[in-house]
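Let's take a friendly look at some side-chain interactions. Have the sequence and the coordinates open as you read.

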Amino acid sequence: MFKQFHDEIVNVKCVGVVNMVDLAREERMKKYDKLIDEFEKISTRPRIKKLASKNREEVGEIAVRVLSELEIFLNKIKKNDKK
């Protein structure tokens, strides 16, 4: 699911707003903010970090990739929020 919506979320969160009010965009922003909060929770859970530390197993490799992609994604969003 993450990869499916990554680009859309980054575009909506990082692209500047024109001078018009876009209610549909505002609704998407609220939903994406909730989704981003959930991704942040996932990235800090001890269980996924423990799985990632078992790098020699397939599950560990997947956990490492998920954490890496989440970190990149969340950094893009946070960098934009600071602007």
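What follows is a short tour of salt bridges and of one serine in this predicted model.

## Salt bridges

How many salt bridges does a search of the whole structure find? The search turns up two.

One of them pairs Lys 30 with Glu 27, and here the closest N and O atoms are 3.8 Å apart. That counts as a salt bridge because the cut-off between the side-chain nitrogen and the carboxyl oxygen is 4 Å. Both residues belong to helix 2, which covers residues 23–44. They sit three residues apart, or about one turn of the helix. Glu 27 is partly exposed, since its relative accessibility is 43%.

In the other pair, the side chains of Glu 38 and Lys 41 come together at 3.3 Å, N to O. These two are also in helix 2, three residues apart, so about one helical turn separates them. How accessible are the partners? Glu 38 has a relative accessible area of 36%, which makes it partly exposed. Lys 41 is partly exposed as well, with a value of 43%.

## A serine in helix 2

Now for Ser 43, which lies in helix 2. Is Ser 43 buried or exposed? Its relative accessibility is 15%, so Ser 43 counts as buried, the cut-off for buried being under 20%.

Key. Residues are numbered from 1 along each chain as its sequence is written. This is a predicted model: local features need pLDDT of at least 70, side-chain atom pairs count only at pLDDT 80 or more; totals for chains, interfaces and linings use all residues. Side-chain values use heavy atoms; hydrogens and water are left out. Helices (H or I, at least four residues) and strands (E, at least two) are DSSP runs, numbered from the N terminus. Buried means under 20% relative accessible area, exposed over 50%, partly exposed in between (1.4 Å probe, protein chains only).
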